[in-house]
Amino acid sequence: MRALVIYCHPRPESFTAAIRDVVLSKLDETGAEVRLTDLYARGFQPLLTDSEHAGYLDCPANRTPVDQDCADLEWADTLIFVYPTWWYGLPAMLKGWLDRVLLPDVAFLMPKAEGETIRPGLQHITRLGVFTTCGASRWLTFFVGAPGKRTLMRGVGLLCAPRKRKAFAAHYLMDSSTPESRAAHLAKVARQMDRLIGPAPARKEAPA
């Protein structure tokens, strides 16, 4: 198992960091290979520049500014996002990562003819996990349309393997959370990670 964890939060003491730690702990328990991308800590530049936009379809040169991110994505069979939901959607930093890294010939293939749509390019991703927090209630988030969840679970999800494992957990009403609600959510994240990882492969008996 090769897991790429995309972590997005500006403050190291945040509750989102505690969620990240549960995710990493669960991956460590399984012996998974892990690459953690901490977008704020590395100072990731989220803006798609004029030159990048002009060369967006120039493959493979389009990946040069974000080549390591593209390589990490190609290396992984598991993709996990950990971030706070702001204004019902993705933080600008995370949206910028999607804009710059999920490129043609990396995440998807461009249409071959007029009237066709893009084709999936991440079908080596067999597990997709999304873990977030929301200041709003569950009802209000879904009334607005939960655009952040839809972007990742549906938008990115459609590019991944058709029969992928999926996991999602959100702590709603984060602005009025309690120590009890936060502890319960971390336990939920752990359960969802167990679901995402799946059962351990059966150990083969040594020949007699």
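How many salt bridges does a search of the whole structure find? The count is ten, where a salt bridge is a side-chain nitrogen of Lys or Arg within 4 Å of a carboxyl oxygen of Asp or Glu. The model is a predicted one, with local features needing pLDDT of at least 70, side-chain atom pairs counted only at pLDDT 80 or more, and totals for chains, interfaces and linings using all residues. Residues are numbered from 1 along each chain as its sequence is written, and side-chain values use heavy atoms, with hydrogens and water left out.

First, the overall fold. The protein has seven helices and seven strands, taken as DSSP runs numbered from the N terminus (helices are H or I with at least four residues, strands are E with at least two). Read from the N terminus, the order of elements is β-α-β-α-α-β-α-β-β-β-α-α-β-α. A compact globule of 208 residues would have a radius of gyration near 17 Å, and the 18 Å of the protein agrees with that; the radius is taken over C-alpha atoms, and the globule rule is 2.2 Å times the number of residues to the power 0.38. The C-alpha trace spans about 60 × 50 × 35 Å along its principal axes. Of the 208 residues, 46% are buried (buried is under 20% relative accessible area, exposed is over 50%, partly exposed is in between, with a 1.4 Å probe and protein chains only). As for contacts (heavy atoms within 4.5 Å), take those between residues at least 6 apart in sequence: 81% of them join residues at least 24 apart.

Side chains of opposite charge can pair when their charged atoms come close. Arg42 and Asp69 do this through their side chains, at 2.7 Å from N to O. This pair links distant parts of the chain, 27 residues apart, with Arg42 in the loop between strand S2 (33–38) and helix H2 (50–54) and Asp69 in helix H3 (residues 67–75). Arg42 is partly exposed, at 43% relative accessible area, while Asp69 is buried, at 4%.

Glu52 and Arg100 form another salt bridge, with 2.9 Å from N to O. Here too the pair links distant parts of the chain, Glu52 sitting in helix H2 and Arg100 in helix H4 (residues 92–101), 48 residues apart. Both Glu52 and Arg100 are buried.

Glu74 lies in H3 and Arg63 in the loop between H2 and H3, so the pair ties together parts that are eleven residues apart in sequence. Glu74 is partly exposed at 38% relative accessibility, whereas Arg63 is buried at 15%. Elsewhere, salt bridges join Lys26, Glu29 and Asp194 in a network.

On H3 itself, the buried residues are Asp69, Cys70, Asp72, Leu73 and Trp75. Their cover includes strand S1 (2–7), S2, S3 and H4.

On a 1 Å grid over the protein atoms alone, a cavity is a set of points where a 1.4 Å probe fits but cannot get out, a pocket is an open set with protein on both sides within 12 Å along at least five of seven lines, and lining residues have an atom within 4 Å of a point. Grid points are joined across faces, edges and corners, and a volume is the space filled by probe spheres set on the points. The structure holds one cavity of 30 Å³ or more, and the largest cavity has a volume of about 50 Å³. Its lining includes Tyr83, Thr85, Cys134, Lys149 and Phe168. Strand S3 (78–85), strand S6 (127–134) and helix H6 (147–156) each give two or more residues to this lining.

The largest pocket holds about 280 Å³ of space. It is lined by 16 residues, with Thr85, Trp86, Cys134, Gly135 and Asp175 lying nearest its centre. Helix H1 (15–30), S3 and S6 each give two or more residues to the lining of this pocket. The second largest pocket has about 170 Å³ of space, and the residues lining it include Tyr56, Leu98, Phe108 and Leu159. H4 and H6 each supply two or more residues to that lining, and the largest share, three residues, comes from H6.
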